[in-house]
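Here are my notes on this one, point by point. Keep the viewer open while you read.

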Amino acid sequence: MKKIFVLLLVIGLSLKVYSQNHIKQDTLLRKSFEELSDLFYNSKPDTLKAYIYAKAKFRKALKEKDTLEMLNGKYLLADILNDENIYLDFCDSLINISKKTPTENFPAQVYIKRATFLFHKRRNSKALEDLIKANLIVNKQKNLYLKNKI
């Protein structure tokens, strides 16, 4: 009898913890991208919290199919996990995908974002290569908005 009671208690507590975590994730997805970024930077000393906010920002961007916010989410994840490959690999994937079906902003915008990231990491020659690639695409498409970003 005691074993059944303990088993039911453990199952009940597990469900409660799971549902609280699920509700918290849903609550985070209702926040704006800017709010999630603010929460990330405000909680950065607590890496676990910051990681949760970065992951929520990326998940929200995936759900909303917002490519630039996906990039921003990956940037935050790379920052908090101290692993730049998270961001660079995602940039590479986006570039490869968007080369097959280019749009007015892609892959040029990803090249610009990656170049900025590399510049801040003092990898200037690679950053310059990306800016040159972006510039070629932007000139070909006559995209003045992106031309001014370069």
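How many helices and how many strands are there in the protein chain?

1. Overall make-up. This is a predicted model, and its protein chain has eight helices and zero strands. Read from the N terminus, the order of elements is simply α-α-α-α-α-α-α-α. The chain has 150 residues, of which 33% count as buried. If you take contacts between residues at least 6 apart in sequence, 48% of them join residues at least 24 apart.

2. Helix α3. This helix covers residues 47-64, which makes 18 residues. From first C-alpha to last it reaches 25 Å, close to the 26 Å expected at 1.5 Å a residue. Its buried residues are Ala-50, Tyr-53, Ala-54, Ala-56, Lys-57, Phe-58, Lys-60 and Ala-61. Have a look at what comes just after α3, too: Lys-65 has a positive phi of about 55°.

3. The α2/α4 pair. As a reminder, two packed helices are described by the angle between their axes and the distance between the axes. For α2 (residues 33-42) and α4 (residues 67-81), the axes come within 12 Å and cross at roughly 5°. Angles under 35 degrees count as roughly parallel, so α2 and α4 are roughly parallel to each other. On the α2 side the contact is made by Phe-33, Ser-37, Phe-40 and Tyr-41, while α4 brings in Glu-69, Tyr-75, Leu-76, Asp-79 and Ile-80. Sorted by class, that contact has six nonpolar, one polar and two charged residues.

4. Helix α7, length and buried side. Does the span of α7 agree or disagree with its residue count? It agrees: the 18 residues of α7 (124-141) should span 26 Å at 1.5 Å a residue, and the end C-alpha atoms are 25 Å apart. The buried residues here are Ala-127, Asp-130, Ala-134, Ile-137 and Val-138. Looking down the axis of α7, you'll find these buried residues within an arc of 100°, so they line one face of the helix. The general rule behind such a pattern is that an α-helix has 3.6 residues a turn, so residues three or four places apart point the same way.

5. Helix α7, surroundings. Among the elements covering the buried residues of α7 are α6 and α8 (144-149). On the face turned away from the buried side, α7 carries the exposed residues Ser-125, Leu-136 and Lys-140. Next comes Lys-142, which follows α7 and has a positive phi, near 55°.

6. Leu-118 in α6. Leu-118 lies in helix α6 and is buried, with a relative accessible area of 1%. Which residues does Leu-118 touch, not counting those up to four places away in sequence? They are Leu-88, Arg-123, Lys-126, Ala-127 and Asp-130. Ala-127 and Asp-130 are also among the buried residues of α7. As for Leu-88, 30 residues from Leu-118 along the chain, the C-alpha atoms of the two are separated by 9.0 Å.

7. Gln-109 in α6. Helix α6 (residues 108-120) also holds Gln-109. Is Gln-109 buried or exposed? It counts as buried because its relative accessible area is 6%, and the cut-off for buried is under 20%. Leaving aside neighbours within four places in sequence, the contacts of Gln-109 are Leu-68, Tyr-145, Leu-146 and Lys-149.

Note on methods
Residues are numbered from 1 along each chain as its sequence is written. This is a predicted model: local features need pLDDT of at least 70, side-chain atom pairs count only at pLDDT 80 or more; totals for chains, interfaces and linings use all residues. Side-chain values use heavy atoms; hydrogens and water are left out. Helices (H or I, at least four residues) and strands (E, at least two) are DSSP runs, numbered from the N terminus. Buried means under 20% relative accessible area, exposed over 50%, partly exposed in between (1.4 Å probe, protein chains only). Contact means heavy atoms within 4.5 Å. The expected span of a helix is 1.5 Å times one less than its number of residues. Axes are lines fitted to C-alpha atoms, for helices over the stretch in contact, and angles run from 0 to 180 degrees between N-to-C directions. Angles under 35 degrees count as roughly parallel, over 145 as roughly antiparallel, 65 to 115 as roughly perpendicular and the rest as oblique. Ala, Val, Leu, Ile, Met, Phe, Trp, Tyr, Cys and Pro count as nonpolar, Asp, Glu, Lys and Arg as charged, and the others, Gly among them, as polar. The arc is that of the directions from the helix axis to the C-beta atoms.
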